[in-house]
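Hi,

Here is the structure I promised to send you. Have a look at it first, and then read my notes below.

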Amino acid sequence: MRLLLINPRFPESFWSSKWALAEVLPNKRTTNPPLGLATLAALCPPHWEVQIVDENIEPIPLEPQADIVGVCGMGVQFSRQQELLAYYRSRGHYVVAGGSYASLCPEQYTSHADTVAAGECEYIWKEFCRDFEHGSPKPLYHETGMVDLTDSPTPRFDLLELERYSYVSLQFSRGCPFRCEFCDIIVMFGRKPRVKSLEQVGRELDELRRLKVHSAFFVDDNLIGNLPVAKKLLAFLKEYQDKHSYKFNFGTEASLNMAQHKDLLQLFREAHFGWVFIGIESTDPASLRETRKTQNLHEDILTSVRRIYSYGIDVMAGFIIGFDHDTTETFEQQYRFITEAGIMVPMIGLLTALPKTPLYDRLRREGRLTTLEDAHDNTRPGTNVIPMSMPYEAMVDGYIALYKRLLTDREIARRIRNKLRFLSAPTYRGGYSTRQGLGIFWRLVLRGIIPGGPRRIWHFLRTLPWLEPSQLPTVAADWIGALSMKEFADRRVTVEPTEQGSLERRVNSVRSAIDRYVAAGNVTLKLRRTSAPDLAVCLKGKLDGPFFKRAAPGLERLLKDTRASVTLRVDALQTQQFDHFQGLLRRLARYGDRVHIVVDERLRALVPIDSSVFNLVFARRVD
Ligand code: SF4
């Protein structure tokens with residue numbers, strides 16, 4: 001039996017760190033590998049042949065040798081997941097949908113997949129494999145109970161190209177004891193944290209050590225959900241590293257109440273945790289109470305963050321704006337806190353109601369949900385929630401202005417300095433050798449700092465820890481993280497709405513560069529004005545090398561200077577033009593998430609298109 005498991009391409013977001021991955025970090029394509037698929041692979045019968053393809057690092061196979069194609073997905077991947085399920089199904093494969101969104105909303109997949117696997121997979125996947133071998137797979141396998149995590153196998157890390165990821169994910173627990181109103185994790189995994197045994201964790205670390213992994217991310221919903229057990233895990237991790245003389249750099253997600261336990265913080269440090277992601281959400285006690293995030297109310301949040309810093313642990317944090325108590329004043333409060341605390345990677349989102357959460361149910365009852373499609377990515381200027389204490393437009397404008405303010409060179413430098421005053425020497429050094437580290441630093445300076453001009457160079461110099469060189473990797477990582485956020489925000493969040501005139505000019509410049517081909521009917525251009533404008537370019541007749549040379553700069557400028565996307569539909573392409581077409585794609589690759597390529601089946605086989613870079617569209621018609 002041959003099984004192909006696919007992790008669909010994520011739409012670009014703050015989490016993608018695209019600039020850092022493309023310009024500074026060697027050989028990395030994305031942040032985390034698909035741990036769920038590696039776990040699923042380990043649950044298959046030993047005689048099954050399993051392949052994992054992550055579309056975030058490599059193109060999907062168009063003609064796979066597979067009896068079953070499984071496509072997983074989170075909410076943000078839903079639309080690509082649907083496209084892939086439809087494509088593979090149309091080619092005669094048996095398709096299975098799974099992942100966190102299928103677990104939350106299995107009913108949304110019934111028309112897209114032959115089988116839907118909903119919920120934790122440890123038991124239901126084995127049942128599916130048995131049924132499939134007997135020729136009687138069911139349309140739905142729904143885990144409604146809770147899996148005992150000691151039944152979870154060591155994931156098939158060996159099926160993943162681990163060197164292409166910034167971190168390798170592993171998991172110790174599922175579930176979280178808290179009750180945040182917006183959270184879908186407790187809907188899926190419950191409020192009683194369940195854990196793997198320490199022996200299981202040891203086996204997973206053995207495997208990662210064998211694969212020479214150094215940076216590992218515990219993707220637990222809340223690593224300290226069960227405090228006594230978390231302490232045992234941390235002590236075990238320290239002992240494990242000492243015993244094997246092997247240095248993993250760990251990171252994780254945990255709740256802010258970790259700051260209340262100094263012994264826990266010390267254990268985190270000794271186990272080599274260099275960073276933690278914390279949902280701070282708001283500094284306003286009224287908003288925290290409203291959303292039932294009472295674990296953040298133990299003390300002044302700034303004090304908590306600085307105490308975590310004092311153990312050498314960096315803090316990344318999530319913030320939410322749009323609670324019922326939030327007003328336009330909230331933006332100033334969030335700005336002040338983020339700046340004083342020196343949070344370098346502030347993931348700020350507008351309050352978003354995810355299906356099946358208590359928040360969703362409440363707002364639906366109150367008639368405060370909009371029908372915004374794709375309300376899954378909460379780090380973009382839009383949401384499906386109608387705010388209570390400020391107009392929607394003011395909230396979106398305030399959100400954009402906040403990011404603009406936080407991502408100036410001066411503010412980036414100020415936050416780094418504010419953090420360094422409280423961050424004691426971290427144990428974290430990144431998973432790079434000294435040589436690689438120097439290369440990263442050099443590329444940061446060359447491609448990130450110098451292009452920012454004298455002002456950025458000045459602010460950069462002011463953040464260098466001249467008296468404490470051990471802080472240098474932290475400063476470099478902070479600039480890389482901040483410039484990556486800035487690059488994305490400049491293109492997708494804080495960008496001024498495309499002025500009609502500027503868009504027209506860019507389109508006209510593309511048109512005039514290739515007017516002779518348009519006049520001959522070999523190319524058509526059509527600007528479609530939706531909320532995000534799209535220039536549809538259809539190649540339909542005889543073209544030559546000069547055409548591609550003339551078209552490329554204009555299309556590149558259009559993507560660079562506006563928010564428009566480009567749809568390239570290739571109806572005809574002569575063999576001798578394949579190289580020129582690839583040259584055009586290379587020029588547009590940087591904006592690949594806004595380039596949709598539609599080619600028919602014959603051309604798809606002849607002209608390889610990297611679906612991890614561009615949106616490869618399977619539909620035959622563009623309009
Ligand atoms: S602390 Fe995090 S995981 Fe736990 S309920 Fe709140 S948002 Fe969900």
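A salt bridge here is a side-chain nitrogen of Lys or Arg within 4 Å of a carboxyl oxygen of Asp or Glu. Please keep in mind that this is a predicted model. By that rule, the count comes to 42 salt bridges.

One of them joins the side chains of Asp593 and Lys18, with 3.4 Å from N to O. This pair links distant parts of the chain, 575 residues apart: Asp593 sits in the loop between α22 and β18, and Lys18 in helix α1. Is Asp593 buried or exposed? Asp593 is buried, because its relative accessible area is 12% and buried means under 20%. Lys18, at 27%, counts as partly exposed.

Another salt bridge is formed by Arg194 and Glu120, whose closest N and O atoms are 2.9 Å apart. Arg194 belongs to strand β9 and Glu120 to the loop between β5 and α5, so this pair ties together parts 74 residues apart in sequence. Both Arg194 and Glu120 are buried.

Now for the sheet. Five strands form an open sheet, ordered β15-β16-β17-β18-β19, with mixed pairing. β15 and β19 stand at the edges with a single partner strand each, so one side of each has no neighbour in the sheet. The twist from one strand to the next averages 20°. Helix α21 packs on the sheet and touches β15, β16, β17 and β18.

Finally, the ligand: around it are Cys176, Phe178, Cys180, Phe182, Cys183, Asp221, Lys293 and Gln295. By class, this shell has five nonpolar, one polar and two charged residues.

Happy exploring!

Note on methods:
Residues numbered from 1 in each chain as written. Predicted model: local features only at pLDDT ≥ 70, side-chain atom pairs only at ≥ 80, totals over all residues. Heavy atoms only, no water. Near = heavy atom within 4 Å. Nonpolar A, V, L, I, M, F, W, Y, C, P; charged D, E, K, R; others polar. Pairing = 2+ DSSP bridges. Helix = DSSP H or I, 4+ residues; strand = E, 2+ residues; numbered from the N terminus. Axes fitted to C-alpha atoms, helices over the stretch in contact; angles between N-to-C directions. Contact = heavy atoms within 4.5 Å. Buried < 20%, exposed > 50% of the residue type's maximum accessible area, 1.4 Å probe, protein only.
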